[in-house]
Amino acid sequence: MENSKTSFHTLLAGLLAGVLLCCATGAHATAPRIAPQLFGEERKSDVVAYQLFSMASAKAGDEMIAELVRSAFSAGGENPVVDMLPSRQLARYALFNGDAAALVGLLSDVHEKERKQYRVVTFYLVGSDDRQEPVVLACRKQNSRADNLCKAFEQGLRQLIKKGQYRQIVDKQMGTGKVPADILEWLKPHNPGWK
Amino acid sequence: MKILGWMFGLWFALQAMPVAADEFQTVRPETVGLSSVRLDRLGDLLDAQVEQKKMAGAVVLVARHGKIAYFKTVGVADTGKPMRQDTLFRVCSMTKPVVTLAVLQLYEQGKLLLSDPVAKYIPEFSHPKVIEMLPEGADPAFRLVPAKRDITIKDLLTHTAGMPYSFASEWYPKDRLLRQMHDLYEEAGISSGMYETEGTIGDMVKRLARLPIASQPGEAFIYGMAADVSGYLVEVVSGQKLDDYIAEHIFKPLKMNDSYFFVPPEKQDRMSVVWKSDWQGSLEKVAPGPHREGDYVYSPTFQTAGPKTFLSGGVGMVTTPYDYFRFAQMLLNKGELDGVRLVSRKTVELMTTNQIGKLYETTLHDEGWKFGLGLGIQADREHNVDAGDVGTFEWAGLYSTRFSVDPKEEKITIFMSQTHPFNHHFELWDKLLVLSTSSISD
């Protein structure tokens, strides 16, 4: 009889403990006020860019670049998240730190000794005739997402040029006469592998 | 006995009533416990500065118990134009306490909390990154680490949000971190507001938000751009442009009828020009338009010329000594002036209490100084920079304007000139404040 009573009390205590444990897992009211996570969504982007043109003509030139990039990706069947950062240094940092798969910028943004690690597609040229600098999409070779993006971009770019859309975009944003008659020949010297 | 009781009650009630600010009238200093003879020393000091061509002109105002006891002008506002009591001055960073008050009015209405993440109202501030400098020679020169917590509205009001001024690299040329921040700000087109700037404050703040901050939120006092973010915050939360909000909710109720962000054409002839002084006797007018001196860009004309679209919560205000006296008197009255309450006593107490913990406010003062919300506060009288009493609160503007409020003595001291560079005036102001304090004779 004594043993039965003891066993019953033990069972009761165990049941009570189980009930209390279940309550504890739902105790949101006791959670700390300062949550570990930061407010809002963290920005994740596939491609980073920055304001390439001087402040004076920033709007038209950068809008042209943005439209060329969007249109080329779209023609190539991709729709990556492109983040326009306010600083060139930050955009380069994002690429080299692996925060972004690709960068839209100047060729000089990728150091010569590191260039082999990147697939680079030149899609515009800035500067004067005797000192032009390529505007590129630079993608990390070892990153499969980046590689796919670059291939899609390159295919899409060539389609834009072939269909005349490239010229339309440039003329609309920058006025006529900014690019030569044969755009493909203009960009070929900067894209080894283009036939 | 009854009569005595009534008299005591009346006296007590009168002491408790907030003082009203008098309309440009001055009283004999002795009626408010100040010495005329000692106050005249302020004028002598300023006259000497003008005679020595260290500055072209200035205005000084000393008030006590709500009454202006000394209101002196010296020198000229412009060639052939004497300084006047109603001369208009670009007060630069003395804009910050005004914008702070605007934020706190919205706080009192329950429209925001000081503990709110800034990202709640300006989403571009979500998930900030903190810049850490790597050893010299590293490429890149920095790395970015996640912030430990959100930047809060309180961080903005206490300059612990890690946002220096771009030109801070000029003040501390050996500081690699400030140099790096300057470079990033230049790339991003971040304006201090001290010169003609295209675009709106919102455009700029959104770009600023995407840049890293210079310290973990709350961990360092880094004076600078936070007030411009506060200004944009006022716009977002109130739905009004900053100048409209402040005109309606601060300037008008306080009858600050000569205070603006952009000065109307009919009042521009009352503005003092900005003078460049080497403090050795060489004085010249600063020509209109932007001027670059190293990393520092400034202009005397951004409030009267140029696009006039950029409303800087950090440096944008133009006002007169009398108008700013009314603002200071409201603070001294714990939020009320002439029967009009702008904020509660409790909010002014929040503004004038240390909010930066163990950090020090050493931008304008030294280690004996703390910072409340928008205001530097004297925490002890043991250090080199003394403003007369523990609890004194004050701030300054880059064209050599200053104000100081001593709550214990119910005294306000205001000095305004338009002299560049700023660093020349420190000795003059410290002496002025000593003379102001020393004029107390009760």
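Leaving aside neighbours within four places in sequence, B:Q355 is in contact (heavy atoms within 4.5 Å) with B:K154, B:T158, B:L350, B:F371, B:G372 and B:L373. The loop that holds B:Q355 runs between α11 (345-351) and β14 (369-371) of chain B; helices (H or I, at least four residues) and strands (E, at least two) are DSSP runs numbered from the N terminus. B:Q355 counts as buried because its relative accessibility is 17%, where buried means under 20% relative accessible area, exposed over 50% and partly exposed in between, with a 1.4 Å probe and protein chains only.

The model is a predicted one, in which local features need pLDDT of at least 70 and side-chain atom pairs count only at pLDDT 80 or more, while totals for chains, interfaces and linings use all residues. Residues are numbered from 1 along each chain as its sequence is written, chains are lettered from A and ligands numbered from 1 in the order in which they are written, and side-chain values use heavy atoms, with hydrogens and water left out.

A second residue, B:I377, belongs to strand β15 (residues 376-378) of chain B. B:I377 is buried, its relative accessible area being 6%. Beyond four places in sequence, the contacts of B:I377 include B:M351, B:T352, B:T353 and B:N354, as well as B:W369, B:F371 and B:F393. Both B:F371 and B:G372 are in contact with B:I377, and both are also in contact with B:Q355. By contrast, B:V74 is 303 residues from B:I377 in sequence and 29 Å from it in space, C-alpha to C-alpha.

Chain B contains twelve helices and 19 strands. Its radius of gyration, taken over C-alpha atoms, is 22 Å, close to the 22 Å that the globule rule gives for 442 residues, so chain B is as compact as a globular protein of that length; the rule is 2.2 Å times the number of residues to the power 0.38. Buried residues account for 59% of the 442 residues. Of the contacts between residues at least 6 apart in sequence, 68% join residues at least 24 apart.

The mean pLDDT (the predictor's confidence in each residue, from 0 to 100) of chain B is 94, and 95% of its residues reach 70 or more. Over residues 12-22 of chain B, however, pLDDT stays under 50. For the complex, the predictor gives an ipTM of 0.87 and a pTM of 0.90.
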